[in-house]
Amino acid sequence: AVARHLRDLLGGEESLELSSVIRGDAAVFSFVAGEDEAGPLADLSLPERTHIVCLYRDEELLLPETKPRLKPGDEVILITHQDRLKSLQRRWGEKSNGRY
């Protein structure tokens with residue numbers, strides 16, 4: 001159900017607050033890519049149960065299906081299990097914004 005809501009939201013079919021579809025142990029996490037993260041999205045080596053929802057470059061929405069390469073300054077939005085947040089926060093430190 002969450003995936004369908006996200007698809008509809010990103011497709012413009014529904015106007016939902018992300019917080020209304022994130023439940024249970026799910027968490028949204030974002031970080032701003034630096035020089036170290038520049039390159040293919042697959043090179044991020046994200047932990048299990050963590051997926052890229054979208055990214056923003058110069059306020060433009062980019063979806064992971066388009067296979068963009070990360071550039072410094074891109075904001076990456078992830079969905080993850082809450083037990084992965086500490087690992088993500090250690091990895092991206094001050095560049096991150098974990099949302100429970």
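1. Of the contacts in the protein chain between residues at least 6 apart in sequence, 64% join residues at least 24 apart. Contact means heavy atoms within 4.5 Å.

2. Ground rules. This is a predicted model, in which local features need pLDDT of at least 70, side-chain atom pairs count only at pLDDT 80 or more, and totals for chains, interfaces and linings use all residues. Residues are numbered from 1 along each chain as its sequence is written, and side-chain values use heavy atoms, with hydrogens and water left out.

3. Confidence. pLDDT is the predictor's confidence in each residue, from 0 to 100. The protein chain averages 80, and 71% of the residues score at least 70. Strand 2 (residues 39-40) has the highest mean, at 94, and strand 7 (residues 96-99) the lowest, at 53. Where pLDDT is low, the predicted coordinates should not be read in detail.

4. Layout. The protein chain has two helices and seven strands. Their order from the N terminus is α-β-β-β-β-β-β-α-β. Helices (H or I, at least four residues) and strands (E, at least two) are DSSP runs, numbered from the N terminus.

5. Surface and burial. The accessible surface of the protein chain is about 6,400 Å², with 48% of it belonging to carbon and sulfur atoms. Accessible areas come from the Shrake-Rupley method with a 1.4 Å probe; for residues, only the protein chains shown count as cover. Of the 100 residues in the protein chain, 36% are buried. Buried means under 20% relative accessible area, exposed over 50%, and partly exposed in between (1.4 Å probe, protein chains only).

6. Strand 1 against strand 6. Strand 1 (residues 26-32) has five of its seven residues buried, so it is largely enclosed by the rest of the structure. Strand 1 pairs with strand 6 (residues 75-81) in the antiparallel sense over seven bridges. Pairing requires that DSSP finds at least two bridges between the strands. F31 stands opposite V76 in strand 6.

7. Strand 3 runs antiparallel to strand 6, with six bridges. There, H51 has I79 as its bridge partner. Three bridges join strand 3 to strand 4, again antiparallel. Y56 stands opposite L61 in strand 4.

8. The hairpin turn. Strand 3 and strand 4 form a hairpin with two residues between them. D58 lies in the loop between these strands. D58 is exposed, at 74% relative accessible area. Its phi is near 50 degrees, a positive value in a residue other than glycine. Most residues other than glycine have a negative phi. R49 also has a positive phi, about 65 degrees, although it is not a glycine. R49 sits in the loop between strand 2 and strand 3. R49 is partly exposed, at 43% relative accessibility.

9. Nonpolar cores. The largest nonpolar core has 15 residues, and F29, F31, L70 and L78 have the most contacts inside it. Strand 1, strand 3, strand 6 and helix 2 (85-92) each give two or more residues to this core. Apart from it lies another core, of six residues, among them I22, V28, V53 and I77. A nonpolar core is a set of buried Ala, Val, Leu, Ile, Met, Phe, Trp, Tyr and Cys residues joined through side-chain atoms within 4.5 Å.

10. T50. This residue is in strand 3 (residues 50-57). T50 is buried, at 6% relative accessible area. The side chains of T50 and T80 make a polar contact of 2.7 Å. A polar contact is a pair of N or O atoms within 3.5 Å; within protein, one must be able to donate a hydrogen and the other to accept it, and residues adjacent in sequence count only if both atoms are side-chain atoms. Not counting residues up to four places away in sequence, T50 touches L78, I79, T80, R84 and L88.

11. R57. This residue is also in strand 3. R57 counts as buried, at 19% relative accessibility. The side chain of R57 makes a polar contact with the side chain of D74 (2.7 Å). R57 and D74 are 17 residues apart in sequence, yet 4.9 Å apart in space, C-alpha to C-alpha. The R57 side chain also reaches the backbone oxygen of R69 at 2.5 Å.
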